[in-house]
Amino acid sequence: MERKQPNLFLLSLLFFLAVQGTSGARRPTGSGSNPSTLNNAYIALQAWKSAIKDDPKGILNSWVGSNVCDYKGVFCAESGSTTIVAGIDLNQGNLEGILVKELSLLRDISLLHLNTNRFSGTIPNTLKDLFALTELDLSNNQFSGSFPLVTLQIPNLLYLDLRFNLFSGPIPDLVFNKNLDAILLNNNNFDGQIPQSLPNSPASVINLANNNLTGDIPFSFGYSSPRLKEILFLNNRLTGCIPQGIGLWSDLQVFDASFNSLMGHLPDSVSCLEDIEVLNVAHNKLSGELPDLVCELKSLMNLSVSYNFFSGFSQECAKLYGRNVVFDFALNCIPGREMQRPEPECDMVPGGSLSCLRIPSLKDLSCGTLLKRVGVVEGENELKRVISRTPRGNTICFGNNALQKLEPASTTSRQIEVGR
């Protein structure tokens, strides 16, 4: 669970104020535009204070009088000749209450950090009026209901953290079409399939772990922005194959799809992940031999393939221990190795009839030309397969999802401690 220290909050606040000072947040213009003032902030904060039922740390004892810049957790800054409320940090406050519609009066706020409290209910629709807001952290609270679509209507939002709440229902397509750099939705009750818009996201961190998501990982999920650093699917109910397109995420450092029901082989294209540090596909139903090209990855620090049905691995994988790489292959079907499945279990490998896209001749294939080797277009009611310059003998099966190549987005990568 993430713990943001006050000094980190202030550094983030100063950074975003500097960015706004040079480029400016997009705001409505014209006679209807009413810039936030300290008086508006006073109205908003007092309305919010009245909706907080329990304050065991006495944080709100300082929320008295009109000088909101003296309120604990409220950070002010100068914008030209005007003093504004630029950020609120009530992390670890253990406050119990709700969010009120009057928070929309905080028009100049850039950062709103409320993790580890007891806020509940739903997110007010008026938050869409926070035109300067770039970071919204509502993690580790008791918010409930369907996905708060209002968070996707905040024009300049870059960081969305909804972890460890009680949200339920499907994840909307729009979340991956927004210009978000961090999408943290883990440890909720989201269900349904992963939206096909996943490849559209320019995010550097996406965490969907510990929900109730079902269906396949969208086939084209690797054919998107190469800026992605971490993606976590662990502990859902996902099925099908790990898409071959994973190899196109050239900057990927963490891939965790453990504790699902994925089948088929581990794609050979994983060998293109030159920056991968953590690769965890444990507790699935994967089979075949572990590709030696995967074990040759130079940045690898942790490789976990335990509790699957792998039938073997090469000498390159055996060398991982000499590189101080954590390598866990327990409870597979590897002959001559200790701590493997009983032989009767290995006679019934799951997903034997499942056909996944395979490009086994990857040693002769430049990772940068992967898209040139396989092209896919979506036809009417079915997927039309187009294979260009692909060696004979390769098989291809895409399921129901189309492959597409998207232009890389320009995003700022941030180091985020994701909830696992």
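Predicted model: local features only at pLDDT ≥ 70, side-chain atom pairs only at ≥ 80, totals over all residues.
View 1. Residues are numbered from 1 along each chain as its sequence is written, and side-chain values use heavy atoms, with hydrogens and water left out. The secondary structure comes to six helices and 25 strands, taken as DSSP runs (helices H or I, at least four residues; strands E, at least two) numbered from the N terminus.

**View 2. Helix α2 lines up its buried residues.** Helix α2 covers residues 38-50, and its end C-alpha atoms sit 18 Å apart, which agrees with the 18 Å that 13 residues should span at 1.5 Å a residue; the expected span is 1.5 Å times one less than the number of residues. Which residues of α2 are buried? They are A41, A44, L45, A47 and W48. Down the axis of α2 these buried residues fall within an arc of 160°, so they line one face of the helix; the arc is that of the directions from the helix axis to the C-beta atoms. The cover over them includes β1 (52-54), β2 (74-79), β3 (82-89) and β6 (118-121).

**View 3. W48 and the largest nonpolar core.** A nonpolar core here is a set of buried Ala, Val, Leu, Ile, Met, Phe, Trp, Tyr and Cys residues joined through side-chain atoms within 4.5 Å. The largest one has 87 residues, and W48, I88, F233, F255 and L290 touch the most other members. At least two residues each come from α2, β3, β20, α3 (292-295) and β22, with α2 giving the most, five residues. Leaving aside residues up to four places away in sequence, W48 touches W63, I88, L90, I98, L99, V100, L103, L114 and F119; contact means heavy atoms within 4.5 Å.

**View 4. A three-stranded open sheet with parallel pairing.** The strand order is β18-β20-β22, where two strands pair if DSSP finds at least two bridges between them. β18 (263-264) and β22 (309-313) stand at the edges with a single partner strand each, so one side of each has no neighbour in the sheet. How many bridges join β20 to β22? Four do, with β20 spanning residues 285-290 and running parallel to β22. L290 stands opposite F313 in β22.

Terms used: Buried < 20%, exposed > 50% of the residue type's maximum accessible area, 1.4 Å probe, protein only.
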